[in-house]
Amino acid sequence: MLLSKKVIANFIPTITKIEDKKIVEALNAIGAEVESIKTFSMIDYLIIGKIFTIKKHPHAEKLNICSIQISDNKFINIISDSPNLFDQTKVLNKYVIVAMEGAELPNGITVINRDIRGMNSSGLLCSYADLNPQSSEYLSEYDSKNIIILDKANLGDTEVYKYLNIDDTIFDISIPSSRPDWHGIRFLAKELAAYLNLKYVELIGRAKQTDFHQINFKVLDETDNKAKYFGGIHLRNYQLQQSSWNTKGILINNHIKPINDLVDLSNLIPLFVANPIHIHDADKIVGDVRLVQATKKEQFLALDNKWYTVQENDLLVVDDEKIIALAGIIGSMATAVDENSINYFIEVGNFDRHQIIKSAAFHKINTYSANLFSKEISLYQTKKTFEYLYQYLLTKVYNQQLSELSKTFSVDEYHQQVKVNYDKIRSLLGSMNYLPDAMIQKSLTDLGFLVEDDLVYVPSYRNDIYNWQDLVEELLKILNINLFQPIPIKADYLLEVNNETNELLDRLSKKLRSLKFNHIRTYNLTSKKRAELLNLFKYQDPVVVSKPISETRQYYRQNILTNLLEVYQLNRSYKNKLYPIFEIQSLLTKNGANHHIGLVMANNLFNHSYDPSSGIKLDLITIKGISDIIVQNFGFNCNYQTINDDTYLVKNDSLKLVVYDETIGYIGKIKKSILKEFDLADQDIYCLDINLERLITSINRYVRTYEAYDHYQEVTRDITFQLKNEVDFNSFINVINSFNKLSKWEIISIFDATNQIDTNKTYQPTKYTVRCYLKQGDKTYTTKEINQIFDELIDLMKTKQILI
């Protein structure tokens, strides 16, 4: 999510004085992880000028000569072909941004005074693209062709970027899935202000709604509870205009293209409250407006000028004749506003997010509205949306031009109460003396809670607060934990640190990361249901925490796979690609702690984003190859046996791993019934779960022997090869193990590529590269001797029909 410092300043005015570094610290502290920061470079030799006169160029019909005032007593002539200069009544005495001689613009242009068709031009009148070409794709057609015209500015001001909000800082942040309200900056700013100890203000006050007209058509929800709210406002007799550059700049910084002042308003308010708005031309609506679920396939032309065929159960906004929107996703051209529009229906909905996600994914539509509606939106946010709409619109129009809400509704400011014990809060925080009751109460109030003695009322937009322990988590966002007195943690068990084990696990992680797997880390605590799910090793009774912070963090997990699937579920909700991921972690059971590795894959290995079918095919053979790499990391080879239990894995597409008659792990395809728990039933997902402890302890069984350091230089050769379609990797292992002139060998890469040599496609597309180590004798080999030895190996491989 993009977070504009300028937008935050609407709610925290003094934040403009805070260093970006401090804001990053605050955002990370409250849980909004900052991934990157973008600032804009300033340009010298820019100045605010005022258009004094405009006359046509005597030798060119498409050029104008503009007399520009740049100070009280200084005027310059600048020649421009900008279309908006031809209507003098709209631009005379308005302000422009002038690039003077010597200005080096970001688009590579250096401004010089020059002769144009026999007339001197002393500078350049700037368009937005001249000053910020990186954001040109977010300009409307109008703004792409025309220079910037400002209604208000200070003549001679050289700090020109502030008029366009280019002097902004943009934070790219990750929002926790538990805080969908933070997609509305109003709610995020509240907690940011609390952390920074700055004053938070409401952007606008409440509008006094009087003298509004009655909407002249019905707005009806005819679905079965597919919307928390569906309604809107009617606006009449209003001529569309261009937004101010202050508004345009904010939208462009947030990667939203300005269109006109009304549509821009419908895009600006969701930045504050994360509830989308859609504008219809009311004169193009026939009869009543209804929210329905599609019962048949039907086509409509959308605002992106593409035809879509609606599917059964798609949410639609319709009138008596036609589809006017795919609800919450994209509008129809049938009611699109244009320069001739004067009456409008401003639609505001709060739709079922699961249906929005499903429809947007099916139609492959990724709009700003669809992204917001894919998150949970509270009715409180919908209420705030209307408040902001009325307040903004009433600065532009008379009350009589606006209607009342088509459907009224009420929302409580707070939706639940939590009884607290301040001593328990201090105890959990580990600070009995530092925190008086009054400080706890003030901190909670600053975060948006209502506190009355030992009762804390939770804002209705917060669905992540269930008990007093959740409130402690909130307090930790803004209290300085470094001031607390440290209290030792009591534990009745010790986890032994073994450096050799850590080295083995680090080496394994590096090997998998080299194969394009992503190493992640997740929580060890989970709910009882999730702790017992995918329990392939059948661990009994998960360890329970005596004083959990919540029910979802009450039990120690008994496997890693459920957490990996939760990561997939989250990434799927954000429409991210499902990359192969793994985690190595010690799992605590009542019998002790065991190192496990969990791994999941949902796509071909090494595939390209533009061609998902490329790469190594995702199947049991591929996951078996990965398990071989993992086991061989510890110096073992493993056998594979069929599984008898199909509770979690597909029986005929899964195997168990056996080393020295011990079952150390499982690989295979996860059953759809399990994936359904994570909204992933439409995916084919393979997994791997290996108890590494058994490999580690097996290594420790052997008596260690030490050999003298070999003073001869290590000699290696890398060999890349392919296997025939009907054989597996074991055929290569048998060949190389029979060659007694190597001390060892290892796989260094597995990849997929088309081989033009294999025109008959008799070989597998998978290519393996192995590194072979020459066994050292009591002499130094010559280059010729080394080549002869490896030629022998290659010849041996060829006799087994291995393609080199």
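So, the tRNA-binding domain: UniProt lists it as residues 40-161, with positions in the numbering used here, feature names shortened, and annotations that may be inferred rather than shown by experiment. Keep in mind that this is a predicted model, where local features need pLDDT of at least 70, side-chain atom pairs count only at pLDDT 80 or more, and totals for chains, interfaces and linings use all residues. Residues are numbered from 1 along each chain as its sequence is written, and side-chain values use heavy atoms, with hydrogens and water left out.

Helices here are DSSP runs of H or I with at least four residues, strands are E runs of at least two, and both are numbered from the N terminus.

Next, the cores. By nonpolar core I mean buried Ala, Val, Leu, Ile, Met, Phe, Trp, Tyr and Cys residues joined through side-chain atoms within 4.5 Å. Buried is under 20% relative accessible area, exposed is over 50%, and partly exposed is in between, using a 1.4 Å probe and protein chains only. The largest core has 60 residues, and Leu27, Ile173, Leu192, Leu235, Leu389 and Leu393 touch the most other members. Helix H8 (residues 261-273) gives the largest share, eight residues. Where does this core lie? Domain 1 (2-40 + 168-196) and domain 3 (219-401) both give residues to it, so it lies between them; those bounds come from an automatic or database domain assignment.

Take Leu192: setting aside neighbours within four places in sequence, its contacts (heavy atoms within 4.5 Å) are Ile8, Ile12, Ile15, Ala26, Leu27 and Ile30. Apart from this core lies another one, of 59 residues, including Ile597 and Leu695.

Now the binding site, which UniProt gives as Asp464, Asp470, Glu473 and Glu474. Asp464 is in the loop between strand S23 (455-459) and helix H14 (468-478). Is Asp464 buried or exposed? Buried, at 17% relative accessibility. Beyond its neighbours within four places in sequence, Asp464 contacts Ser178, Arg179, Asp470 and Glu474. Asp470, in helix H14, is buried as well, with a relative accessible area of 6%.

Last, cysteines. Calling a disulfide a pair of cysteine sulfur atoms within 2.5 Å, the count comes to zero.
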